[in-house]
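Me: I'm new to this one, so let's go through it together. Could you show it to me before I start asking?

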Amino acid sequence: MRNQKTDQEIAREEKLKKLMELGINPYPKKFDKTHSVSEIVKEFSNLSHEELEKKEIKVSVPGRIISIRRMGRATFFHIYDGLSKIQGYIKEDIVGKENYKIFDLFDIGDFIGIKGRLFRTKTNELTVLVENFTFLVKSFHPLPEKWHGLQDVEIRYRQRYLDLIVNPEVRKIFDLRSKLIKEIRKFLDGMGYVEVETPMMQPIPGGALARPFETYHNALGINLYLRIAPELYLKRLVVGGYEKVYEINRNFRNEGISSQHNPEFTMLEFYQAYSDYNDLMNLTEEMLSYLAKTLLNTLEVKFKEHTISFKPPFKRIKFKDAIVYHSGLTPSKFDNREEVIKIAKNFETGKEVISYGKALDIIFDKLVKPKLIQPTFVINHPKEISPLSKACPDNPEEVERFELIIGGMEIANAFSELNDPKEQRERFEMQLAEREAGVEEAHLIDEDFLTALEYGMPPTAGEGIGIDRLVMIFANKPSIREVILFPLLRPKTD
RNA sequence: GAGCCGUUAGCUCAGAGGGAGAGCACCGGCCUUUUAAGCCGGGUGUCGCUGGUUCGAGUCCAGCACGGCUCACCA
């Protein structure tokens, strides 16, 4: 990163040299611990000074030194295990003059293992009275400052480990994310779902309207694409007999980056045979309220300046009604294709070719979506923008589809899956026509998928849920980068 | 990809034409229950990079790099 060593880096290297001269292994291979810092805090925080004196609890605990207060022949310091910290107290008359001098060569950031007895200080802080200690590793760089933590978002993302060391609330976000994914698995597994993994590299990218990343396989000599969705593979599995199947994994879309978009993002997709989109709306309400209750212990979740209620049932509104209600477009104008396209073109879209369906989508995104804060199922989209959804029985221009909008963001997208191979082929051909008219994201024809459908896919409903955005809401973070450990940044060149 | 804003010590920041600054961290000294420990002493720097204007640029101008926000694309 830098070529020039700073005074602090030189000082730390010299301390390690001195430690080695004293015969200390600079990179010991293990440390026998009785507890982690967190375990000590959890187990013994309720014990009083007297109880600790009586019980004489001995612990052996490793951690990173995050603060040091030297006071001559005694020193207080804190060690941290990524979750909790505990104070250590080291005194010359206990560890001896030689060892105390060795401890002088330790810096903030170093890892140490300490052994000793638990006690409480005058100010009643649970503390390890150090009897002996083990050097575990040197940190050659100083840690960011303790009061303000690390503020520079660029360093926070590029060197996330520093963010995790000095900003404890960051770890909480990612622990929440981890629990959320675990609970989703628990929820679906409990319903008899089977988790699978389908190709991340696909010869024909499908299942969504987006531009893919391209790559190349040398041995086969073929172009491959990082998947934009697992959809078409999961449906092949439904054809193969999986009645309830899901996948939680990364999707890749070669699109822009924003506070709501990262080029790789985590998606839950699940498919349930013999069901339609109404069943999935119920399931989604159940799942999200379960997650809110389990993870946050409430159904009222604070997000930005809003309080979002995950109490079922969620609001349901037809796509067309939502546009009419929120955009002021009259129902007759809604059906006037030229008019709608004209209105959509008033927005700066950077697109030259806009279909009627796309125009509606643009109007929805601009005028409707930002206004939907409480969980809202927007249902029955136009067929043109839903090439994989089954048409509504009472209206062939609409499909049995819903998008769940929360906090102005699209969180879920689901539909009764089109399982008529002939109609699916026609829809693909319509997409191909759009593609030829210049719509780059239009769907490609996937013959293998059509063949699978020809073998018969039972009536099925399928849904995708954007995990990152869901975490944003549950963690109350307005930027997707705050819920992805290593969001994509442009590589830094010096 | 476009507009606006930002980039000064390891970190957090001040400085807005003329001596490179503060707190924490660090270095030296004192200090055996401290916790933003304290006291004494020390400034450790390619002011993002490259040019330009000027007697003089951290400060003004241009270009570039990276980031943030908004927009575009998208989920």
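Me: How many residues does helix 8 have, and what does it reach from its first C-alpha to its last?
Reply: Keep in mind that this is a predicted model. Helix 8 runs over residues 168-190, which makes 23 residues. At 1.5 Å a residue you'd expect 33 Å, and the helix comes close to that, reaching 33 Å.

Me: Which strands do the buried residues of helix 8 pack against?
Reply: The buried residues include Val170, Phe174, Leu180 and Leu188, plus Arg177 and Glu183. They pack against several helices, among them helix 6 (153-158) and helix 10 (277-296). As for strands, they're strand 10 (244-252) and strand 11 (264-273).

Me: Which residue takes a positive phi just after helix 8?
Reply: Look just past the end of the helix, where phi is about 90 degrees. The residue there is Gly192.

Me: What kind of aromatic pair do Tyr193 and Phe270 make?
Reply: The structure holds 16 aromatic pairs. In this one, the ring centres are 6.0 Å apart and the planes sit at 80 degrees; over 60 counts as edge-to-face. So the pair is edge-to-face.

Me: How many residues apart in sequence are the parts this pair ties together?
Reply: Tyr193 lies in the loop between helix 8 and strand 6 (194-195), while Phe270 is in strand 11. The pair therefore ties together parts that are apart in sequence by 77 residues.

Me: Is Phe270 buried or exposed?
Reply: Buried means under 20% relative accessibility. Phe270 is at 0%, so it counts as buried.

Note on methods:
Residues numbered from 1 in each chain as written. Chains lettered and ligands numbered in written order. Predicted model: local features only at pLDDT ≥ 70, side-chain atom pairs only at ≥ 80, totals over all residues. Heavy atoms only, no water. Helix = DSSP H or I, 4+ residues; strand = E, 2+ residues; numbered from the N terminus. Expected span 1.5 Å × (residues − 1). Buried < 20%, exposed > 50% of the residue type's maximum accessible area, 1.4 Å probe, protein only. Contact = heavy atoms within 4.5 Å. Phe/Tyr/Trp six-rings, centres within 6.5 Å; stacked < 30°, edge-to-face > 60°.
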